[in-house]
Amino acid sequence: MKSDGARGSPVRRDLKCKLKKENETYSTGTIWDLEELGRLRGALLQWYDAEARQLPWRQRNGRPDPYQVYVSEVMLQQTRVSTVMVYFSRWMERFPTLRALAAATEEEVLQQWAGLGYYRRARMLLAGAQWLVAHHGGELPSSMEELKRVPGIGVYTAGAIASIAFGKRVPCPGLDRLNVWKGAGKRYLEMLATELVDPERPGDWNQAVFDLGSSVCTPQLTQGACEACPLREFCKVAHLPIEAIQRVPYSVTEVGEGAPRMQRHMPRARVRRELVHAFVLVANDSNSNEGKQGDPLYFVRRRASDGLLGGLWEVPNIVVNHSIDEERMHAEPLGQVARTPSMHRQYPANGVVTASERLAEALADLVLPPWAIVSITQSPQMVRHLFTHIRQDILVFRVQIAISNVLSDHTGTSRWVSATTLRDVGLSTQMRKVLRAAGVPLSRKRFAGTDPKD
Ligand code: SF4
């Protein structure tokens, strides 16, 4: 347990005074005094010494590599640790140093990131590495101020790098992930965050907070978690009913007869539904250099760099309906809704749009002569994919093409590839589902043991 060696310093006296002021409005009990805060810190670090997860970017003896901390912190934003572990190891094989990353193309970076989701993170990581090579000798700086100047590094990532990789006594925002401070105001938490960081082990302290918040004091706090918590002795809310502690919102509601009861209330994000047609173009060329002779080739094109899934590869597809009418979806067969003409093209007067017309629309500037289409078969399986605010229902068509060279744009943004190459190009999880629905042999997960999301 750490001793409170700095007690009595001006900073400490100042804090003590502020804590007393906060005490007047704090609702869940008496505030901790400095001696108690010291013991709390010791208890959490002791727990961390025994329970810390062994993660590839953590080094228990010696200081972690700043570049590895940087990459892991960016990957961990909105992604589970178990998924990040697999991607992190492969990333380090491909881009072992910051300079190696800075020398990569956006396509190579996205290819390595494919399946991890939230692709802007990958592009910002590349931009950050290139900026550091251009302006900082290819090294990560150690101070918060300098770190925050790097494109894509915000206050959280800067705090993590400074404390974990450089031993700076700075907090990572996110102390409020632990219920032990529940009820404390924002200002109080900010003071506490800085005060609590262990002067000798700042990185360990920040990682201990992260670990406890993701394994014991989770937002969905389970029954019995408090019994196993190293902070139970200090926690002002551990004695409350579990519904009151869980960080998912709850409200008091009249339920049936008797006294009002607390009910958990999960806010629902508004999700828009889209209907999409996707076309998996297949050719069996004997003259291509791709794959073995006679192997099927698949047509893919690269999305523009900006926007959702920017820079990733996809099969031609088009959003047929941007906001599906739920009632109509239930009342009419899906095919009928799918044939509704879109605004972008003139269709026959009878209003029926054929799959080949949709394909022409999806190909945009590329022209596929009708004679080259051998067959169009709709997959019996409709693909569903959920982005953060959009749910896509995707009708998948497998289109057999007579010969691949009838379709090429010579700009490098589209190409014919074999199934083997497809496994390595940057494909989103959504596109992997589409290709599998069309019978292309791709595994569900890019890397074994991952649960990718995008
Ligand atoms: S005692 Fe329970 S509520 Fe308090 S910090 Fe620990 S796990 Fe969270």
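D306 sits in the loop between β4 (297-302) and β5, where helices (H or I, at least four residues) and strands (E, at least two) are DSSP runs numbered from the N terminus. With a relative accessible area of 62%, D306 is exposed; here buried stands for under 20% relative accessible area, exposed for over 50%, and partly exposed for anything in between (1.4 Å probe, protein chains only). The C-alpha atom of D306 is 9.0 Å from that of R120, although 186 residues separate the two along the chain. This is a predicted model, so to speak of local features takes a pLDDT of at least 70, side-chain atom pairs count only at pLDDT 80 or more, and totals for chains, interfaces and linings use all residues. Residues are numbered from 1 along each chain as its sequence is written, and side-chain values use heavy atoms, with hydrogens and water left out.

Strand β5 itself covers residues 313-314 and includes W313. W313 is buried, at a relative accessible area of 2%. P141 is another buried residue, with a relative accessible area of 3%, and belongs to the loop between α7 and α8. For P141 and F166, 25 residues apart along the chain, the C-alpha separation is 9.0 Å.

Next comes the nonpolar core, meaning a set of buried Ala, Val, Leu, Ile, Met, Phe, Trp, Tyr and Cys residues joined through side-chain atoms within 4.5 Å. The largest one has 48 residues, and Y70, M75, W91, L101 and W113 have the most contacts inside it. At least two residues of this core come from each of α3 (66-76), α4 (81-94), α5 (98-102), α6 (106-113), α7 (120-135), α8 (144-147) and α9 (155-166). The top contributor is α3, which gives seven residues. Domain 1 (10-234) and domain 2 (272-437) each put at least three residues into this core, the domain bounds being taken from an automatic or database domain assignment. In soluble globular proteins, nonpolar side chains tend to be buried together.

A few backbone details stand out in the loops. Q78, in the loop between α3 and α4, has a positive phi of about 65° although it is not a glycine. Q78 is exposed, with a relative accessible area of 59%. Y118, in the loop between α6 and α7, also is not a glycine and has a positive phi, of about 45°; this residue is partly exposed, at a relative accessible area of 28%. Within helix α15 (residues 355-363), the buried residues are R358, L359, E361, A362 and L363.

As for the ligand, the residues around it are N179, V180, C217, L221, C226, C229, R232, C235, A238 and I245, each having a heavy atom within 4 Å of it. By class, this shell has eight nonpolar residues, one polar and one charged; Ala, Val, Leu, Ile, Met, Phe, Trp, Tyr, Cys and Pro count as nonpolar, Asp, Glu, Lys and Arg as charged, and the others, Gly among them, as polar. The space taken by the ligand is the largest cavity. On a 1 Å grid over the protein atoms alone, a cavity is a set of points where a 1.4 Å probe fits but cannot get out, and lining residues have an atom within 4 Å of a point. A molecule sits in a cavity if more than half of its atoms lie within 2 Å of its grid points.

Methods
On a 1 Å grid over the protein atoms alone, a cavity is a set of points where a 1.4 Å probe fits but cannot get out, and a pocket is an open set with protein on both sides within 12 Å along at least five of seven lines; lining residues have an atom within 4 Å of a point.
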